[in-house]
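Subject: Structure handover

Hello,

Please find the structure below. Some notes on what was found in it follow.

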Amino acid sequence: MSKKANLQMFSELAGRIEMYQEKLSATERQIADYLITHDDCFEQRTIYDLAAEVGTSPAALVRFSKRLGFTGFADMKFHALQRRMSFPQNDIGIRSGDNINVFKQKAVQYTTNSLLECILDTDNRAFEQAIEAISRADLLLFVGNGSASGIARTAMGLFLSIGMRAMQVEDSMLLTRTAAQMTDRDVLITISYNGYSKICADAAMLTKEAGATTILITSCKDSLVGSYSDIILCTPARNTDNVLNISTTDICQLAILQTLQIGVWLSKQPQSGRDSSRMSQLNQLQNYDTRQKSLQVSRIKQAPAP
């Protein structure tokens, strides 16, 4: 899209437009250009008023809203106005003159608002379906690319800590073989911001063919990985111009995974409580005794000199 979103306060709307821009029709591009260049386009306007201003129809505005992943025009308008109220100073963005006291507060507030939006807006039914599928799974396979690879590794640890069999495979060839051998008792959880990561898409396709349940954590509902996913859990789409967006997406993905972990832990009580205690005891094998006061390099075994 030739025009750049100049409204940081509508950061999620701008982010969704940027994410879906290649799929927009000519009319939808017209609507998008109007929205990102008019900062007051939702105030005191009905769908009929806005359609007249844009030069399109109310039905086209509804289709545009759904294209961006909203349930309809009212949902899109609600999110845009909520964002305006949450960020009264043209969004929480880092400025060159901000000192540490200012930017640390901005970072915390931005993350807090993003987490609330992520968890409160995600469909509860989708959460329930995901928790149910994970709870009865024999094996959980986590897949992510780039920064999402680290999130997948963390997720594996979260579910291992409550006694679930979980694994993460980073090598693409090994992942292909693993995904192809999944069963209908297993669950694949892919983490992909835009839903077009090759490693995630390939794993989802092979796992679905094998009969396993596929879960996707993403900011893009209508995506390639999404087409192979049984359950989709969404994180907010963000304006990539904001430096605070770099880590917030990862934090929201972790929040969804933590919510799933808690749900599974509750659903499998009292067994999960016993498993968690056992895992906690095993963790102590990785620690020195609390009476250990110092370390010496000489205590470490060395290979004999040739």
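The axes of H7 and H11 come within 9 Å of each other and cross at roughly 60°. Axes here are lines fitted to C-alpha atoms, for helices over the stretch in contact, and angles run from 0 to 180 degrees between N-to-C directions. The angle makes H7 oblique to H11; angles under 35 degrees count as roughly parallel, over 145 as roughly antiparallel, 65 to 115 as roughly perpendicular and the rest as oblique. The crossing of H7 and H11 is right-handed. A crossing is left-handed if the near helix is turned anticlockwise from the far one by less than a right angle, and right-handed if clockwise.

On the H7 side, the contact is made by Phe127, Ala130, Ile131, Ile134 and Ser135. H11 contributes Ile256, Thr259, Leu260, Gly263, Val264 and Ser267. Contact means heavy atoms within 4.5 Å. By class, the residues of this contact are seven nonpolar, four polar and no charged. Ala, Val, Leu, Ile, Met, Phe, Trp, Tyr, Cys and Pro count as nonpolar, Asp, Glu, Lys and Arg as charged, and the others, Gly among them, as polar.

Before going on, some notes on the source. This is a predicted model, in which local features need pLDDT of at least 70 and side-chain atom pairs count only at pLDDT 80 or more, while totals for chains, interfaces and linings use all residues. Residues are numbered from 1 along each chain as its sequence is written, and side-chain values use heavy atoms, with hydrogens and water left out.

The chain has twelve helices and five strands. Helices (H or I, at least four residues) and strands (E, at least two) are DSSP runs, numbered from the N terminus. Of the 306 residues, 45% are buried. Buried means under 20% relative accessible area, exposed over 50%, and partly exposed in between, with a 1.4 Å probe and protein chains only.

Thr259 is in helix H11 and counts as partly exposed because its relative accessibility is 26%. Not counting residues up to four places away in sequence, Thr259 touches Ile119, Phe127 and Ile131. Thr259 and Ile131 are 128 residues apart in sequence, with their C-alpha atoms 9.0 Å apart. Gln253 is also in helix H11, and it is buried, with a relative accessible area of 2%. Leaving aside neighbours within four places in sequence, Gln253 is in contact with Ile151, Ile191, Tyr193, Ile217 and Thr235.

Which residues touch the most other members of the largest nonpolar core? They are Ile134, Leu140, Phe142, Phe159, Leu233 and Leu260, out of 30 residues in that core. A nonpolar core is a set of buried Ala, Val, Leu, Ile, Met, Phe, Trp, Tyr and Cys residues joined through side-chain atoms within 4.5 Å. Among the elements that give two or more residues to this core are helix H7 (124-135), helix H8 (147-160) and helix H11 (245-267), along with strand E1 (139-144). H7 provides the largest share, six residues. Ile134 touches Leu140, Phe159, Met164, Val187, Ile189, Ile215, Leu260 and Val264, with residues up to four places away in sequence not counted. A second, separate core has 24 residues, including Leu13, Phe42, Phe70 and Ala80.

Helix H9 (residues 172-180) and helix H10 (residues 198-210) pack at an angle of about 20°, with their axes 8 Å apart. That makes H9 roughly parallel to H10. The contact of H9 with H10 has seven nonpolar, three polar and no charged residues.

Helix H2 (residues 26-37) and helix H4 (residues 58-67) pack at about 80°, and their axes are 10 Å apart. That makes H2 roughly perpendicular to H4. Thr27, Glu28, Ile31, Ala32 and Leu35 of H2 meet Ala60, Leu61, Arg63, Phe64 and Arg67 of H4. This contact has six nonpolar, one polar and three charged residues.

Finally, a point about the backbone. Most peptide bonds are trans. The bond from Gln269 to Pro270 is cis, with omega near 0°. Pro270 lies in the loop between H11 and helix H12 (271-283).

Regards
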